[in-house]
Amino acid sequence: MKHIFRRGSNPEAPVILVLHGTGGNEQDLLPLADLVAPGASVLGVRGNVLENGMPRFFRRLAEGVFDIEDLVFRTQELSEFVDTAAEQYNFDRSNVVALGYSNGANIAASMLFHDAKALRGAILHHATVPLRGLQLPDLSGVPVFLSSGENDPIVPVGESRELHALLEGAGAQVEAYWERNGHQLTRTEAEAAGKWFGEHWNA
């Protein structure tokens, strides 16, 4: 997968797996990672799917309608890529925290839904429930920061609350953060994620 790895100054901090929104790339959210987790190493990845020329992490059939078969395949593909990257760049695979926005947050949530060991934690900005009817793994002790918009036109409030309930029901420690800025990722939202990250990892 197209990616960028940037080694940070703090070897103890989790590696931040940065996952862009639709139309983004592996560089887009690097400034966000710097704000949220200063000093951490960063692995920025570009989605392998194109929708009208725009990179995404998995296919969808329509707005809000995911191609579940492709989602499951791409989730596995991303997890295996992180496995390979950990060997290539010599970082601890068990110490990876995802930082995703929109489509990137959705595939990060899918990683949590499929494998308790895929991520040590996750920051999910404007994520939806990736798929339903799945028995979630035991996510006890996995911290998740979930930021959502009370007036998000793409992710309804009920969807955000359902994702929160599903993750919490699997044992994850979920912190919810709400704003009224639609689907936009704001600086205040990023700062709240940074405060949360610092509380968990003293970055």
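Is E159 buried or exposed? With a relative accessible area of 18%, E159 is buried, where buried means under 20% relative accessible area, exposed over 50%, and partly exposed in between (1.4 Å probe, protein chains only).

## Ground rules

This is a predicted model, so a quick word on what counts: local features need pLDDT of at least 70, side-chain atom pairs count only at pLDDT 80 or more, and totals for chains, interfaces and linings use all residues. Residues are numbered from 1 along each chain as its sequence is written, and side-chain values use heavy atoms, with hydrogens and water left out.

## The chain as a whole

The protein chain carries 5 helices and 11 strands; these are DSSP runs (H or I for helices, at least four residues; E for strands, at least two), numbered from the N terminus. Along the principal axes, its C-alpha atoms fill a box of roughly 40 × 30 × 30 Å.

Buried residues make up 55% of the 203. Count the contacts (heavy atoms within 4.5 Å) with a separation of 6 or more, and 69% of them join residues 24 or more positions apart.

## Around T128

T128 sits in the loop between strand 9 (121–125) and strand 10 (143–149). At 9% relative accessibility, T128 counts as buried. Leaving aside residues up to four places away in sequence, T128 touches F66, N106, V155, E159 and L163. T128 and G158 are 30 residues apart in sequence, yet 9.6 Å apart in space, C-alpha to C-alpha.

E159 has a charged partner too: its side chain meets that of R132 in a salt bridge (3.3 Å, N to O). That pair links distant parts of the chain, with R132 in the loop between strand 9 and strand 10 and E159 in helix 4 (residues 157–169), 27 residues apart.

## Charges and salt bridges

Side chains of opposite charge can pair when their charged atoms come close. Here there are 16 positive and 26 negative side chains, and the centres of the two sets lie 3 Å apart. Lys and Arg count as positive and Asp and Glu as negative, with His and the chain ends not counted; each charge is placed at NZ of Lys, CZ of Arg, CG of Asp or CD of Glu. Take a salt bridge as a side-chain nitrogen of Lys or Arg within 4 Å of a carboxyl oxygen of Asp or Glu, and the count comes to 15.

One of them pairs R6 with D34, the closest N and O atoms being 2.4 Å apart. R6 lies in strand 1 (residues 3–6) and D34 in helix 1 (residues 30–36), so the bridge ties together parts 28 residues apart in sequence. R6 is partly exposed at 31%, and D34 is partly exposed at 38%. Another joins R46 to E26, with 2.7 Å between the closest N and O atoms. Here R46 is partly exposed at 24%, whereas E26 is buried at 10%. Finally, salt bridges that share partners join R59, D67, D70, R74 and E77 into one network.
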